[in-house]
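Let's walk through this model together, one question at a time. Here it is.

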Amino acid sequence: MTAIITSAPGKCILFGEHAVVYGHPAVAVAIDQRISIKIQPSASGMWLLDGGKLNMKRNPHIKGLIEKLWPVDQGAPPLSIHIEGNIPRSSGLGSSAALSVALAAALRGARGRWVTHAETVGQNRWAEGFGSLITASDAYGKSGGFFSTIEQDKMFLLTGEESVDTDENAILAHSVEAAAQNGRASPIDSSTCSHGGVIVISNQVQNDLTYLYKRSLKMPDSERFWHIHELELGIVPDDIYLVIGNTGINAPTGKQVAKVAQMLELTPDRMEEIETIGKIAQRGIDALMVGDYEAVGRAMTENQIMLKSIGVSHPQLDVLIKAAAPTCLGAKLTGAGGGGCMIALTRNPKLTSDAIELAGGRTYISKLGSLGLRVEKLSDQTFWSRS
Ligand code: PMV
């Protein structure tokens with residue numbers, strides 16, 4: 001039996017991190033760095049990861065997706081999973097979301113999708129249901145949604161590429177990310193890594209953008225929701241690049257978000273700074289839509305000033321940003337800050353990258369808004385199918 005191969009990109013946040021927690025828009029782009037997943041039935045009868053025994057505890061995203069898409073208790077056979085890629089881990093570039101999106105697609109391809117004969121279209125035909133309202137533990141019903149109520153002769157199995165769906169991969173990836181992060185995860189990573197391009201999330205509908213869907217998540221203390229949009233870039237000039245500079249300093253997102261929350265609790269007036277980030281993000285969106293990359297760069301630099309002001313930068317991020325400044329259109333930290341990565345928008349990727357490396361950062365060069373999920377190789381034969 002042949003293998004199934006899928007891949008998904010990493011992401012970085014161009015505008016609006018932290019302010020997005022308070023309802024303002026954030027913009028993320030898919031980057032050229034990708035993770036690819038290859039799955040095959042395991043010849044040894046054991047779950048394998050890169051040739052060794054798969055440790056489910058150490059791989060919560062993989063475990064979560066197996067639980068949702070690959071019911072071992074119903075006879076789905078153990079698989080051998082291989083992961084390859086060039087997205088650095090734990091650096092705010094979406095490596096776990098990319099892994100989850102690619103694996104969700106591979107598992108779906110491996111089992112196919114039951115659809116009804118009914119004359120409905122798209123997701124309404126799915127016989128196993130679709131969870132647009134997700135919680136940390138249940139993206140779509142462990143029992144398989146409303147599958148059991150539909151008679152067998154009223155449905156048939158879609159296989160191959162037709163069975164895979166980017167919305168479903170985004171929702172499943174969000175669900176397992178939330179479960180792996182104690183119930184807290186915004187859908188920005190999972191949606192960007194699944195759909196690719198440029199994604200805007202906000203708790204307001206952004207009228208000028210293409211609406212994708214709404215997501216909500218019950219977190220330990222509250223329920224949050226997001227509207228997810230796609231921003232269609234026109235033709236991006238050939239010489240426009242992002243250079244990502246990794247400080248190598250690990251700073252957990254939760255800690256950074258808590259630091260901002262505490263600051264706002266002590267000094268509520270500082271919400272003005274958060275609002276300013278929201279306004280800058282909106283200017284960034286407008287500039288991206290008309291392809292004015294000088295203005296995009298300026299908005300990034302202004303966004304960085306505010307991020308520094310709310311205390312989420314780090315001396316090493318500041319060093320890398322300063323090193324990039326003479327050769328780029330704009331630069332800022334990306335993601336939660338406190339370490340992790342910075343990004344520079346530049347027409348001189350080599351010069352900018354060299355300057356960041358000289359200042360001590362590890363660099364990655366990417367175009368803006370790469371392709372999302374890709375099914376690289378899919379068999380028309382399923383590895384297992386519910387009957
Ligand atoms: O570091 P990342 O890529 O996980 O981004 C975090 C973005 C924040 O706005 C800081 C948090 C959030 O949940 O949106």
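Q: Which backbone atom lies 3.5 Å from an oxygen atom of the ligand?
A: First, a word on the source: this is a predicted model, in which local features need pLDDT of at least 70 and side-chain atom pairs count only at pLDDT 80 or more, while totals for chains, interfaces and linings use all residues. Residues are numbered from 1 along each chain as its sequence is written, and side-chain values use heavy atoms, with hydrogens and water left out. A polar contact here is a pair of N or O atoms within 3.5 Å; within protein, one must be able to donate a hydrogen and the other to accept it, and residues adjacent in sequence count only if both atoms are side-chain atoms. The atom that lies 3.5 Å from a ligand oxygen is a backbone N or O of Gly92.

Q: What is the distance from an oxygen atom of the ligand to a polar backbone atom of Ala336?
A: Thr253 places a polar side-chain atom 3.4 Å from a ligand oxygen. For the polar backbone atom of Ala336, the distance to an oxygen of the ligand is 3.0 Å.

Q: How much of the ligand's accessible area does the protein cover?
A: Accessible areas come from the Shrake-Rupley method with a 1.4 Å probe, and for residues only the protein chains shown count as cover. On its own the ligand has 390 Å² of accessible area.

Q: Which elements give two or more residues to the shell around the ligand?
A: The ligand's surroundings include Lys11, Ile13, Thr253 and Val257, where near means a heavy atom within 4 Å. Helices (H or I, at least four residues) and strands (E, at least two) are DSSP runs, numbered from the N terminus. The elements giving two or more residues are β1 (4–15) and α5 (253–266).

Q: Which backbone oxygen does the side chain of Lys11 reach?
A: Lys11 is found in strand β1 and is buried, with a relative accessible area of 3%. Buried means under 20% relative accessible area, exposed over 50%, and partly exposed in between (1.4 Å probe, protein chains only). Its contacts (heavy atoms within 4.5 Å), not counting residues up to four places away in sequence, include Ala28, Asp189 and Cys193. At 2.8 Å, the Lys11 side chain reaches the backbone oxygen of Gly92.

Q: Why are the buried residues of α9 on the same side of the helix?
A: In α9 (residues 349–358), the buried residues are Pro349, Thr352, Ser353 and Ile356. They lie on the same side of α9 because they cover an arc, taken from the directions from the helix axis to the C-beta atoms, of only 95 degrees.

Q: Which residues are exposed on the other side of α9?
A: The cover over the buried residues of α9 includes β11 (241–246), α8 (315–324), β13 (341–346) and β14 (362–366). Exposed on the other side of α9 are Lys350 and Leu358.

Q: Is Ile244 buried or exposed?
A: Ile244 lies in strand β11. Not counting residues up to four places away in sequence, Ile244 touches Leu93, Met342 and Tyr364, among others. With a relative accessible area of 0%, Ile244 is buried.

Q: What is the relative accessible area of Ser90?
A: Ser90 lies in the loop between β5 (79–85) and α2 (95–111). Although not a glycine, Ser90 has a positive phi of about 50 degrees. Ser90 is exposed, with a relative accessible area of 60%.
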